[in-house]
Amino acid sequence: MSRFIQEIRTGSNHGPVASFVSRGNVTVLNPFVLWDHFTISGSDNTAGFGFHGHSGVATISYPMISSIKHEDTGGHTGHLLAGGIQVMSAGSGVLHKETVYPDAGKAEAFQLWTLLPAADIEMGPVTYSAAQSDALPEVEKLESRTKVLVGEHQGVCSPVQHSVAMTYLHVNLKSKSKWQHQVAKGQTTAFIYLRSGQLTIGTTHLSAGEMGIFNASDNEILVSTTNNAAEFLLVTGKPLVQPIISTGPSVHSSRHNAILGYHQINKLQMQLTH
């Protein structure tokens, strides 16, 4: 039996960012604790975020239009071009800076955060990895094109590694077509975000800019289009069995770890300014 949509979110806008997870519902999508859609237009200047801190989470950045330069206090730097993906594990605490370089005045990117396993990664070292677009495999069908950002689809695997069991797919589906994904065992959390067009999932219709949250199951996911093509992102993951304590920029499994992360970020901020 295919999975169904149990909730639709339209997000809340804060300047150029539409956010779909808040501190009030942060536990619903375990192991995912943030999904943001960033868009700007008509800008000839760089945008982004100066040095700021996180702990206890991994940030996964996917620029669709524009490129992103990354720098962090763990000693990592990178320049991610449009269509590539980067994963930064904040561990016990990090400051990082992301500078967005618009393309012909436009920029668009998605930001996904995950929890980190409490046993060994949550308070571990900072790690960073990136894969440019040409390193990410695609599954081509007559009616669809599926880019495998993280995880696996129809036997095709992404080179991107992450400490959380998850799948992240970018799909273009023609009109009057169907697409399905066999969910990896245990990845019972899943959501879909429609970038453009319209989608039908069971009896539910999704429009551009909407997030659909699936029922908890690892059954297959089946979507279809009618008269309009659709472009969407699908994310599935295996929940972590640990408490979720959010302070906003950091998420931890205990208040003790949250306090340690807070002090580490403060220490790094002091070092940065001296």
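In which loop is the place of lysine 176? Select the stretch between β17 (166-173) and β18 (178-181), and you will find lysine 176 in that loop; strands here are DSSP runs (E, at least two residues) and helices are H or I runs of at least four, numbered from the N terminus. Check the backbone there: lysine 176 is not a glycine, yet its phi is positive, about 55 degrees. Lysine 176 is also exposed, at 65% relative accessible area, where exposed means over 50%, buried under 20% and partly exposed in between (1.4 Å probe, protein chains only).

A quick note before moving on. This is a predicted model, in which local features need pLDDT of at least 70 and side-chain atom pairs count only at pLDDT 80 or more, while totals for chains, interfaces and linings use all residues. Numbering starts from 1 along each chain as its sequence is written, and side-chain values use heavy atoms, with hydrogens and water left out.

Next, pick alanine 104, in the loop between β10 (94-101) and β11 (107-115). Its phi is near 55 degrees, a positive value in a residue other than glycine, and alanine 104 counts as exposed with 79% relative accessibility.

Now go to proline 31, in the loop between β3 (17-19) and β4 (32-40). Asparagine 30 and proline 31 are joined by a cis peptide bond, with omega about 20 degrees.

Then select glycine 11, in the loop between β1 (5-9) and β2 (12-14). Glycine 11 is partly exposed, at 34%. Beyond its neighbours within four places in sequence, glycine 11 is in contact (heavy atoms within 4.5 Å) with Ser19 and Phe20. Draw a distance from its C-alpha to that of valine 148 and you get 25 Å.

The C-alpha trace spans about 60 × 45 × 35 Å along its principal axes. Buried residues make up 51% of the 274.
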